[in-house]
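Please consult the sequence and the structure as shown here.

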Amino acid sequence: MTAELASERIQQAERIVVLTGAGMSAESGIATFRGTEESLWSRWDPQQLATPEAWSAHPQTVWGWYRYRHAGIQAAAPHAGHLVLASHDNCEIITQNVDDLHERAGSTTVTHLHGRLDAFRCHLCHRPISVAPPQQPLSLTADLTKCPQPSCAGYARPGVVWFGENLPTDAWEHAVQSASTCDVAVIIGTSGLVYPAASLPGIAADHGAFTIEINPERTPLTPQVDLYLCAAAADIVPQLFS
Ligand code: OAD
């Protein structure tokens, strides 16, 4: 019954915003950050890998870890959930994910709140840097890629937002605007623990949107949403959006 109600709301909506987190990519084989023994923050300390301080202290380790994750993203492919979302013209994606699976599925309106891993840029002059795809086998330390600008002594860094850094202003303002004007917000595969992204479902609800959460586990967002569907993204998203 709840899935039918969700499907009905989705079919009737003029503007749908889909807020995705790491759980959206889990069935494509990309590890989540939290929740299982294989999750990234169960295996590694974010302070040692995902902060400006970590980059300053041991950049080769940070770079090696992101190259390792980049290889994982490149080896993954979008699943049926990514594909069906891309086939909906009135469906806009706001994601915390740094992978490009929504784009590879064909979604054209994708806002990355936490950046994109493969949008490499110089850590000093901030110019984009093209970095060759990682080769196997990978180690968790790697030689840095120098900035090609002759006058710059910087190195390529991943295009992600690290803890302690601000979200890209344009992306955040666009996300707030979209959340404030949609009819339906579908929140898929996020633990709802990282702010400000976790405030978007509340912003959508405050502006009258019907909110639907898809997650096999309950989260701090669950009591706030209109409908909670205890399910995995690749199973339920195609059912709701087909
Ligand atoms: P998390 O790893 O914190 O949470 C993943 C969520 O996905 C959990 O609630 C799982 O229950 C759920 N999940 C797992 N498998 C799923 C499936 N097949 N279908 C649907 N849901 C599933 O990921 P995020 O909430 O995205 O930030 O993490 C938020 C931010 O914390 C990340 O962007 C990253 C991280 O630290 C930065 O690095 C700045």
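Asn-90 is partly exposed, with a relative accessible area of 29%. Buried here denotes a relative accessible area under 20%, exposed denotes over 50%, and partly exposed denotes values in between, with a 1.4 Å probe and protein chains only. The residue is placed in the loop between helix 7 (80-86) and strand 2 (91-95). Helices (H or I, at least four residues) and strands (E, at least two) are DSSP runs, numbered from the N terminus.

Neighbours within four places in sequence being set aside, Asn-90 is in contact with Ala-13, Glu-14, Arg-15 and Ile-16; contact means heavy atoms within 4.5 Å. The C-alpha atoms of Asn-90 and Ile-16 are 6.1 Å apart in space, although 74 residues separate the two in sequence.

## Basis of the model

The model is predicted: local features require pLDDT of at least 70 and side-chain atom pairs count only at pLDDT 80 or more, while totals for chains, interfaces and linings use all residues. Residues are numbered from 1 along each chain as its sequence is written, and side-chain values use heavy atoms, with hydrogens and water left out.

## Overall fold

The protein chain contains 11 helices and eight strands. Its radius of gyration is 18 Å, close to the 18 Å given by the globule rule for 242 residues, so the chain is as compact as a globular protein of that length. This radius is taken over C-alpha atoms, and the rule is 2.2 Å times the number of residues to the power 0.38. The C-alpha trace spans about 60 × 35 × 30 Å along its principal axes.

Of the 242 residues, 50% are buried. Among contacts with a separation of 6 or more, 68% involve residues 24 or more positions apart. The chain carries 13 positive and 24 negative side chains, and the centres of the two sets lie 10 Å apart. Lys and Arg count as positive and Asp and Glu as negative, without His or the chain ends; each charge is placed at NZ of Lys, CZ of Arg, CG of Asp or CD of Glu.

## Aromatic pairs

Nine aromatic pairs are found in the whole structure. Rings of Phe, Tyr and Trp (its six-membered ring) pair if their centres lie within 6.5 Å; planes under 30 degrees apart are stacked, over 60 edge-to-face, and the rest tilted. The ring centres of Trp-41 and Phe-163 are 6.4 Å apart with planes at 55 degrees, so this pair is tilted. Trp-41 belongs to helix 3 (residues 40-43) and Phe-163 to the loop between strand 5 (156-157) and helix 9 (169-181), so the pair ties together parts that are 122 residues apart in sequence. Trp-41 is buried at 17% relative accessible area, whereas Phe-163 is partly exposed at 34%.

Trp-55 and Trp-162 form another tilted pair, 5.8 Å centre to centre with 35 degrees between the planes. Because Trp-55 lies in helix 5 (residues 52-57) and Trp-162 in the loop between strand 5 and helix 9, the pair ties together parts that are 107 residues apart in sequence. Trp-55 is buried, with a relative accessible area of 8%, and Trp-162 is buried at 2%.

## Backbone features

Most residues other than glycine have a negative phi, and most peptide bonds are trans. His-126, which is not a glycine, has a positive phi of about 70 degrees. His-126 lies in the loop between strand 4 (121-122) and strand 5 and is exposed, with a relative accessible area of 52%.

The peptide bond from Tyr-195 to Pro-196 is cis, with omega near 10 degrees. Pro-196 is located in the loop between strand 6 (184-188) and helix 10 (200-206).
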